[in-house]
Amino acid sequence: MIRYVTGDILKTDAEALVHGIAPHDDFKQGLALSLRENWPSLYKDFRHYCKTTNPSEGELWSWKGPEGPAIVNLMTQESPKNKQGHPGKANLPNVNHCLRSLLKEVKKQGFKSLAITKVATGV
């Protein structure tokens, strides 16, 4: 069942929080910044993941800390062009690929509830 709600997604009681980022994102704005501030080890682990795997647009990376929800990072946005650059916009092919991967992740992890941010694409 899908239920649309408004408010602070960080206050959800859902098992997993899902949002869009870019590969090698610096988590310096929006929801990603709030996640970085609430769970600093999320960002540290993401940096390590990026350095060891060099993820691509359209992939996802899941993280679970000792407390709080699982966080599923959908790489819907274009990668920054350089280390000081900002992530690009999300696009439909990346979003579609991420959503297919999210379905597999939900089945694998057995999530019963998700809180998903609205995805705005550059299209």
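Contact here means heavy atoms within 4.5 Å. By that criterion, and not counting residues up to four places away in sequence, N94 touches E57, G58, M75, T76 and Q77. The model is predicted, and local features need pLDDT of at least 70, side-chain atom pairs count only at pLDDT 80 or more, while totals for chains, interfaces and linings use all residues. Residues are numbered from 1 along each chain as its sequence is written, and side-chain values use heavy atoms, with hydrogens and water left out.

**Overall fold**

With helices (H or I, at least four residues) and strands (E, at least two) taken as DSSP runs and numbered from the N terminus, the chain holds three helices and four strands, arranged from the N terminus on as β-α-α-β-β-α-β. The radius of gyration, taken over C-alpha atoms and compared with a globule rule of 2.2 Å times the number of residues to the power 0.38, is 14 Å for the chain, which agrees with the value near 14 Å of a compact globule with 123 residues. Along its principal axes the C-alpha trace spans about 40 × 30 × 30 Å. Of the contacts between residues at least 6 apart in sequence, 58% join residues at least 24 apart. Buried residues, meaning those under 20% relative accessible area with a 1.4 Å probe and protein chains only, make up 40% of the 123 residues.

Two strands pair if DSSP finds at least two bridges between them; strand β2 (residues 60-63) and strand β3 (residues 70-75) run antiparallel and are joined by four bridges. Within this pairing L60 stands opposite L74 in β3. The hairpin has six residues between the strands, and G68 takes a positive phi near 90° there.

| Residue | Relative accessible area |
|---|---|
| N94 | 9%, buried |
| E105 | 10%, buried |

Again leaving aside residues up to four places away in sequence, E105 touches L60, S62, G110 and F111.

Key:
Buried means under 20% relative accessible area, exposed over 50%, partly exposed in between (1.4 Å probe, protein chains only).
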